[in-house]
Each structure stands twice: as C-alpha cells, then as structure tokens.
Amino acid sequence: MKTECYMQKEQRALQKLINFRLPRQFMTVGIVLALIAIVFMFLRKPLFGEDSETIRFALQKVLLVGMLIMSITRDKEEDEMIVQLRMQSYAWAFVTGVIYALIMPYVEFGVSSVVNEGNETFKNLGDFQVLLFMLLVQLMCYHVLKRYR
C-alpha cells in the first residue's frame with residue numbers, strides 16, 4: 001500500500017512536469033529575447049570590438065532561452081490534439097537532432113578538406129549548434145503540424 005502511494009506521487013509529479021506550460025504572454029517575451037540576441041549577434045563586433053567572446057557566449061544563451069520560452073508557451077486553445085502535436089514535434093526534433101549531431105561533423109570535415117586541400121582536422125559540434133538546431137526543428141515542426149491538422 002505504501003509503495004502504491006509513493007508511485008502515485010511520483011507519477012503525479014512526472015505528469016505535472018510533462019504538462020508544464022508557460023502562460024500565453026510569455027510567447028512575446030521569448031520572441032523579444034530571441035530577436036534581441038540575433039540583432040546583437042550581428043552588431044557585436046562593431047559595438048564591442050574583436051575581443052567580445054564572452055558577449056557572444058551570453059547572446060547564444062539568451063537566444064536559446066528565448067527559443068525555449070517560445071517552445072513551452074501555451075497556445076490559445078490547449079487541447080489534447082495540441083498536446084499530441086507538441087509531443088510529435090519534440091520527437092521529430094530529438095530524432096533529427098541526433099542525426100544532425102552524428103552526420104554534420106563528417107560533412108563539415110569533407111567540405112573543409114576539399115576547400116582547404118586536405119589540411120583540416122575533425123571537429124565535433126558544439127552544444128549551442130545542436131540545441132539551436134533542435135529548437136528550430138521543434139518550433140517549425142510544431143507550427144507545420146498545427147497548420148495541417
């Protein structure tokens with residue numbers, strides 16, 4: 001009996017985490033954060049000079065937070081179909097993100113060795129690049145699935 005109560009509590013806590021959504025007004029906050037980060041990424045060198053790597057790092061994190069906020073914000077009408085479409089888009093984002101992370105280093109190595117005549121080393125993708133790709137795929141898939149439901 002006691003383990004049943006514990007399991008029910010754990011299941012409710014997990015369900016609460018799965019169903020977590022920000023209020024609709026946060027979509028504007030996410031869009032503004034992402035746009036500010038993108039604009040300042042283009043203006044970073046003219047405004048802050050050549051040694052602005054910490055600013056670039058901070059802008060990357062702001063862009064990821066803005067896109068994450070857009071990803072977990074509620075829709076106007078949040079029903080079971082919308083929840084299912086959101087989960088499908090997360091699944092697509094995960095699968096394409098893994099494929100991207102596995103294939104892209106080889107593609108970059110092949111292209112750079114052809115362009116630079118074989119003097120390149122193999123590089124792995126950074127966390128920002130993979131997370132940005134996965135969030136872009138999730139947001140695009142979700143809106144496409146929602147449009148054609």
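Residues are numbered from 1 along each chain as its sequence is written. In this predicted model, local features need pLDDT of at least 70 and side-chain atom pairs pLDDT 80 or more, while totals for chains, interfaces and linings use all residues.

**View A. Glu 53 with Arg 44 and Arg 56.**
Let's begin with charged side chains. Glu 53 meets Arg 44 in a salt bridge (3.9 Å, N to O); the term means a side-chain nitrogen of Lys or Arg within 4 Å of a carboxyl oxygen of Asp or Glu. Glu 53 also pairs with Arg 56 at 2.8 Å, N to O. Glu 53 and Arg 56 sit three residues apart in helix α3, so about one helical turn separates them. Arg 44 is buried at 10% relative accessible area, whereas Glu 53 is partly exposed at 43% (buried is under 20%, exposed over 50%, partly exposed in between, with a 1.4 Å probe and protein chains only).

**View B. Lys 61 and Asp 127.**
Here the closest N and O atoms of the salt bridge are 3.9 Å apart. Lys 61 lies in helix α3 and Asp 127 in helix α5, so the pair ties together parts 66 residues apart in sequence. Lys 61 is partly exposed at 29%, and Asp 127 is exposed at 52%.

**View C. A salt-bridge network.**
Salt bridges link Arg 21, Glu 78 and Arg 86 in a network. The structure holds six salt bridges.

**View D. Gly 49 in its loop.**
Look for Gly 49 between α2 (26-48) and α3 (53-71); helices are DSSP runs (H or I) of at least four residues, numbered from the N terminus. Gly 49 is partly exposed, at 24%.

Technical notes
Heavy atoms only, no water. Helix = DSSP H or I, 4+ residues; strand = E, 2+ residues; numbered from the N terminus.
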